[in-house]
Amino acid sequence: MTRVFFDNAATTPIHPEVVMVMAKCLSDVYGNPSSTHSYGREAKGQLEESRRSIAKILGAKPSEIFFTSCGTESNNTILRSAVRNAEISEIWTTPIEHPSIFQTSQHICSDIPVRYLELNPNGSVNLGSLEKDLIAVSKKVLVSVMHANNEVGVLNDLKAISELCQKYHALLHSDMVQTMGHLPINYQEIKVDFASASAHKFHGPKGVGFMFIRQPNQIESFITGGSQERGNRSGTENLASIVGMTKALELATANIPQDINHLNHLRTKLISKLKASFPTMSFLTELDQSLCTIVSAVFPPEFDSEMLLFQLDMKGIACSGGSACSSGANKASHVLAHFQLPEGSKVVRFSFSKFNTEKEIDFCIEGIKQIASERGQNC
Ligand SMILES: Cc1ncc(COP(=O)(O)O)c(C=O)c1O
C-alpha cells in the first residue's frame, strides 16, 4: 500500500548516512568519554569534535553547546535553572509554546510570576507590545519565545526580539526545535542567551538534543550527579546519538536555500489544490510568515471532524491534528485555542521534509477528495 509521511513536525525519518556513522560509533567507540584511558580519550575526542562541528554551523563557541537527551530536557533545564541560578524574577512567554515550555512555566509560576506576551492574530509575538512591557519592567526577566510554532508554523522575528531583549537587559531563550536544521541559524546574529534543539526533527536519532548557552556559568545542572558537560548536565553522554545528531545537522544545513524553495513549492501546491477542491477550507498558516515545513488546514464541515485523521490514515496519509505530543491525550490544543476557530472545526497539520515529493502531494489530494466523496455518499 502506498503511504505518505506528512508528519515531519512530529519526527523525521533518520538519514541513512546518520545510521552509518552511528553504527560505526556504537561498535567501535565504546569508551566512556569521562574515562581517562585511551578508550575514554577516543570517545571524548569524538564528543568534542561533534561539539566543535555543531558550534561552527551555528556561529557559536564549542563551550556554548551542551548535549542533552531531547528538546524537552533542554527546555526544562533552561527554564528551571535560569530561575534558580540567574536570579530571574519573572518569566515572560507565549500562550502557544510547546508543552515542555507551557507546562513547565505553569509549574514554575508557584515560585515566580509567569506573564503571557501579547500575540498578533497569526500567533507571532507583538513586538510593539513586547517593547512597551520591557520598558516598564524593573525586575530581571527571562523571555522564552519559540522560533516557529510546532502546530501552525508561525515564525517569530527572533533577531528583532533578541535586539529588544538586549536593549532592555532581559535574558532570552528560544525553543528552536522546529527550526534547527531547516532555517539558517547564526548565534552571532540572533543574540539569544539560551536555545534548545532536538535531533529527531532534522533527520537525526530520537532521544538526543542540545542546548546553546551563551554564558554557561549562568546556570547549574538541572540533572545532578556527575560533572559531565562541564557541570551543566550530569549523565554519561549518549555518544553514538550525539555523533549521529552532528552528522544530521551537517547534512540538514548543507543546502538550506534550495530545501526551503522545494518545501515552499510543496506547501503552495498543497494549499492551492485544496483551495481549488474545497473553497471553504481555510488555513492557519500564512505562507510568507511561517516555517517552510508546516501547513495547518481548517477542514470544512463536509468532513467528519471526529473521524478525519483516522480516514486519512486509512488512505495512507500520515499527518496530525495539533501536535503529536498531545494527539493521544484527546484534549483540546492550547495553541489552537488562540485562533478561536468555529465550533466543530477540525485542524489538520501537514508537515513536510525535504524528502517529500510533488507526487506525494497529488496522492494526498486524491485521498482527501475520496474521503469527501465517500462522506457525501454516506450522508
Ligand atoms: C517546538 C517543540 N519544542 C520541544 C519539543 C520536544 O522535543 P523532544 O521530542 O526532543 O522532547 C518539540 C517536539 O515536538 C517541539 O515541536
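A: The answer starts with the sheet, goes on to one residue in it, and then turns to the core and the domains.

The model is predicted: local features need pLDDT of at least 70 and side-chain atom pairs count only at pLDDT 80 or more, while totals for chains, interfaces and linings use all residues. Residue numbers run from 1 along each chain as its sequence is written.

The sheet is open and has seven strands in the order 2-8-7-6-5-3-4, with mixed pairing. Strands here are DSSP runs of E with at least two residues, helices are runs of H or I with at least four, and both are numbered from the N terminus. Two strands count as paired if DSSP finds at least two bridges between them. Strand 2 (65–68) and strand 4 (114–116) are the edges; each has a single partner strand, so one side of each has no neighbour in the sheet. From one strand to the next, the twist averages 20°. Angles are taken between N-to-C directions and run from 0 to 180 degrees; the axes are lines fitted to C-alpha atoms, for helices over the stretch in contact.

Within this sheet, strand 6 (residues 171–175) and strand 7 (residues 194–198) are parallel and share three bridges. Opposite S174 stands A195 of strand 7.

Strand 7 also holds F194. This residue is buried, with 28 other C-beta atoms within 10 Å. Buried means 20 or more other C-beta atoms within 10 Å of the residue's own, exposed means 12 or fewer, and partly exposed is in between, with C-beta atoms placed from the backbone. Leaving out residues up to four places away in sequence, F194 touches I78, H173, M211, F212 and I213. Contact means that the C-beta atoms of two residues, placed from the backbone, lie within 7 Å.

Helix 4 (residues 99–108) lies across strand 3 (90–93), strand 4, strand 5 (141–144) and strand 6, and its direction makes about 155° with strand 3. Its buried residues are S100, I101, F102, T104, S105 and I108. Among the elements that cover them are helix 3 (71–85), strand 3, strand 4, strand 5, strand 6 and helix 11.

F212 and M211 also belong to the largest nonpolar core, which has 92 residues; together with V143 and F350 they have the most contacts inside it. Such a core is a set of buried Ala, Val, Leu, Ile, Met, Phe, Trp, Tyr and Cys residues joined through C-beta atoms within 7 Å. Domain 1 (4–12 + 255–378) and domain 2 (16–252) both contribute to this core, so it lies between them. The domain bounds come from an automatic or database domain assignment.

The centres of the two domains, taken over C-alpha atoms, are 28 Å apart. At their contact, 24 residues of domain 1 meet 26 residues of domain 2. On the domain 1 side, strand 10, helix 10 (324–327) and helix 11 (334–337) each give two or more residues.
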